Amino acid sequence: MGAGHGHRLHYHGHSRVHRAPAHLKLLALLGFVLLAVAVPPGWWAAYPVLLAVLLGVVLLAQVPLGYLARRMWIEVPFLVFAVLLPFVATGPRVEIGFLSVSEPGLVAAGGLAAKGTLGVLASLTMAATTEPADVLGGLRRLRMPDLLVQIMSFMLRYLDVVTADLARMTTSMRSRGCDPRSPRHWPTLARSMGALFIRSYERGERVHLAMLSRGYDGELPR
């Protein structure tokens, strides 16, 4: 399990963005996300400007937009929450067609969707142009606590292992007539997820003990 694991988001390239130091890209990502989050409610004109800047970086990085768009499904839970927000928020109501929704909730939902989309797209652009090992090196250079960097490193190393376990469990469930997408079988799926968590936790303990037996003292050899 080398450092090459967990690079499914990376898009191989040789653009200037790819070659830029990882710690500078991390700082740029942090600054961009903070700027997007700091946009006051109702300042709709700011979002197209931020999106144009981000698309300019994507164009400079020569990463196909379709490549990033296919990976933005991780934003779906945030968008679902944004869609529901106008219906559950309080405050003055406005009529949209035959629906009555909260006006403050509508503004908050628009801001949430815009900020979430910008943040996810910026993060995916960072991941597409930077190898995971370079990200970890950039975090070390930015003086992030070494323990946190080690945790992220192991997460990247074992992500494929846990994903492979999940795929085998799903295949086994399907072979027994269980459809994970069917609500009728969700209790079985929940028990499988619990078993996967326990198996991963126990694997982590074994790895930690193996590291201790080899002289691990809190710092990984460089």
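How far apart do the end C-alpha atoms of residues 20–39 lie, and what share of the span is helix or strand? The end C-alpha atoms lie 27 Å apart, and the span is 80% helix and 0% strand. The structure is a predicted model, in which local features need pLDDT of at least 70 and side-chain atom pairs count only at pLDDT 80 or more, while totals for chains, interfaces and linings use all residues. Residues are numbered from 1 along each chain as its sequence is written, and side-chain values use heavy atoms, with hydrogens and water left out.

**Annotated spans**

- The unreviewed UniProt entry carries the annotation "transmembrane region" for residues 20–39, 45–65 and 72–89; UniProt positions are given in the numbering used here, feature names are shortened, and annotations may be inferred rather than shown by experiment.
- Residues 72–89 are 72% helix and 0% strand, with end C-alpha atoms 26 Å apart.
- Helices (H or I, at least four residues) and strands (E, at least two) are DSSP runs, numbered from the N terminus.

- Valine 53 belongs to helix α3, which comprises residues 46–61.
- Valine 53 counts as partly exposed because its relative accessibility is 48%; buried means under 20% relative accessible area, exposed over 50%, and partly exposed in between (1.4 Å probe, protein chains only).
- Between the C-alpha atoms of valine 53 and aspartate 134 the separation is 24 Å, the two residues being 81 apart along the chain.
- Glutamine 62 is placed in the loop between α3 and α4 (65–69), and its phi is near 60°, a positive value in a residue other than glycine.
- With a relative accessible area of 58%, glutamine 62 is exposed.

- Threonine 90 sits in the loop between α5 (76–88) and β1 (93–96), and it counts as exposed at 68% relative accessibility.
- A distance of 8.9 Å separates the C-alpha atoms of threonine 90 and valine 101, which are 11 residues apart along the chain.
- Serine 102 caps the N-terminal end of α6, with a side-chain oxygen 3.1 Å from the backbone nitrogen of glycine 105.
- Helix α6 (residues 103–129) has 27 residues and, at 1.5 Å a residue, should span 39 Å, which agrees with its end C-alpha atoms being 39 Å apart; the expected span is 1.5 Å times one less than the number of residues.

**Around α8**

- Arginine 143 lies in the loop between α7 (132–141) and α8; its phi is positive, about 65°, although the residue is not a glycine.
- Arginine 143 is exposed, its relative accessible area being 73%.
- Glutamine 150, a residue of helix α8, is buried, with a relative accessible area of 2%.
- The side chains of glutamine 150 and aspartate 146 are joined by a polar contact of 2.7 Å; such a contact is a pair of N or O atoms within 3.5 Å, where within protein one must be able to donate a hydrogen and the other to accept it, and residues adjacent in sequence count only if both atoms are side-chain atoms.
- Histidine 185 occupies the loop between α8 and α9 and counts as buried at 14% relative accessibility.
- The histidine 185 side chain reaches the backbone nitrogen of aspartate 179 at 3.0 Å.

**Second largest pocket**

- The second largest pocket holds about 450 Å³ of space.
- Of its 17 lining residues, the closest to the pocket centre are Ile151, Phe154, Met155, Tyr158 and Gly204.
- The elements giving two or more residues to this lining are α8 (146–175) and α9 (186–213), and α8 gives the most, with 10 residues.
- By class, the lining has 11 nonpolar, 5 polar and 1 charged residues; Ala, Val, Leu, Ile, Met, Phe, Trp, Tyr, Cys and Pro count as nonpolar, Asp, Glu, Lys and Arg as charged, and the others, Gly among them, as polar.
- On a 1 Å grid over the protein atoms alone, a pocket is an open set of points where a 1.4 Å probe fits, with protein on both sides within 12 Å along at least five of seven lines, and lining residues have an atom within 4 Å of a point.
- Grid points are joined across faces, edges and corners, and a volume is the space filled by probe spheres set on the points.
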